[in-house]
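Here is a short briefing for a first look at this structure. Keep the sequence and the 3D view open while reading.

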Amino acid sequence: MVSKIIVYPFLLLVRFYQVAISPFTPAACRFEPTCSSYMIQALQTHGLFYGGFLGMKRILSCHPWGRSGYDPVPKKRCNHKH
């Protein structure tokens, strides 16, 4: 629950970008899902630190000399102790 509260302001920032900034810039994302959607999914799945790391890594790799294509957020690992 606390993790969701901490992540929420960052989700709002990305949503603000998607609604207020992205529509006025050329579509340039080389990946599916888009980098902003990836960031939201990564934050929701992995939390602020690892999700933020994954999202920033994805954004930094989105350039003309980088790779492209389908690149989903990795699944969260289960750490069950038996």
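The model is predicted. Its protein chain holds two helices and two strands. From the N terminus on, they run α-β-α-β.

**Overall picture**

- The C-alpha trace of the protein chain spans about 50 × 25 × 15 Å along its principal axes.
- The protein chain has 82 residues, and 28% of them are buried.
- Among contacts with a separation of 6 or more, 66% join residues 24 or more positions apart.
- The accessible surface of the chain comes to about 6500 Å². Carbon and sulfur atoms hold 65% of that surface.

**The two helices**

- Helix α1 covers residues 2-21, and helix α2 covers residues 35-60.
- The two helices pack with their axes 10 Å apart. The angle between them is about 180 degrees.
- Angles over 145 degrees count as roughly antiparallel, so α1 and α2 are roughly antiparallel to each other.
- On the α1 side, the contact is made by Ser3, Ile6, Val7, Phe10, Leu11, Val14, Arg15, Tyr17 and Gln18. On the α2 side, these meet Ser36, Ser37, Met39, Ile40, Leu43, Gln44, Gly47 and Leu48.
- The residues of this contact divide into 10 nonpolar, six polar and one charged.

**Gly47, a residue of the helix contact**

- Gly47 sits in helix α2 and is one of the residues that meet α1.
- Gly47 has a relative accessible area of 9%. The limit for buried is under 20%, so Gly47 is buried.
- Leaving aside neighbours within four places in sequence, Gly47 is in contact with Ser3, Val7, Ala42 and Gly52.
- Arg15 is also listed in the contact between the helices, on the α1 side. The C-alpha atoms of Gly47 and Arg15 are separated by 16 Å. Along the chain, these two residues are 32 residues apart.

- Tyr50 is partly exposed, with a relative accessible area of 44%. Phe53 is partly exposed too, at 49%.

- The peptide bond from Glu32 to Pro33 is cis, with omega near -5 degrees.
- Arg58 lies in helix α2. Arg58 is buried, with a relative accessible area of 2%.
- Beyond its neighbours within four places in sequence, Arg58 is in contact with Phe31, Glu32, Pro33, Thr34, Cys35, Tyr38 and Asp71.
- Asp71 belongs to the segment after β2 (69-70). At 15% relative accessibility, Asp71 counts as buried.
- Not counting residues up to four places away in sequence, Asp71 touches Phe31, Glu32, Pro33, Tyr38 and Arg58.

- Gln41 has its place in helix α2. At 33% relative accessibility, Gln41 counts as partly exposed.
- The C-alpha atoms of Gln41 and His63 are separated by 21 Å. Along the chain, Gln41 and His63 are 22 residues apart.

- The C-alpha atoms of Tyr70 and Ala20 are separated by 25 Å. These two residues are 50 residues apart along the chain.

Key
Residues are numbered from 1 along each chain as its sequence is written. This is a predicted model: local features need pLDDT of at least 70, side-chain atom pairs count only at pLDDT 80 or more; totals for chains, interfaces and linings use all residues. Side-chain values use heavy atoms; hydrogens and water are left out. Helices (H or I, at least four residues) and strands (E, at least two) are DSSP runs, numbered from the N terminus. Buried means under 20% relative accessible area, exposed over 50%, partly exposed in between (1.4 Å probe, protein chains only). Contact means heavy atoms within 4.5 Å. Accessible areas come from the Shrake-Rupley method with a 1.4 Å probe; for residues, only the protein chains shown count as cover. Axes are lines fitted to C-alpha atoms, for helices over the stretch in contact, and angles run from 0 to 180 degrees between N-to-C directions. Angles under 35 degrees count as roughly parallel, over 145 as roughly antiparallel, 65 to 115 as roughly perpendicular and the rest as oblique. Ala, Val, Leu, Ile, Met, Phe, Trp, Tyr, Cys and Pro count as nonpolar, Asp, Glu, Lys and Arg as charged, and the others, Gly among them, as polar.
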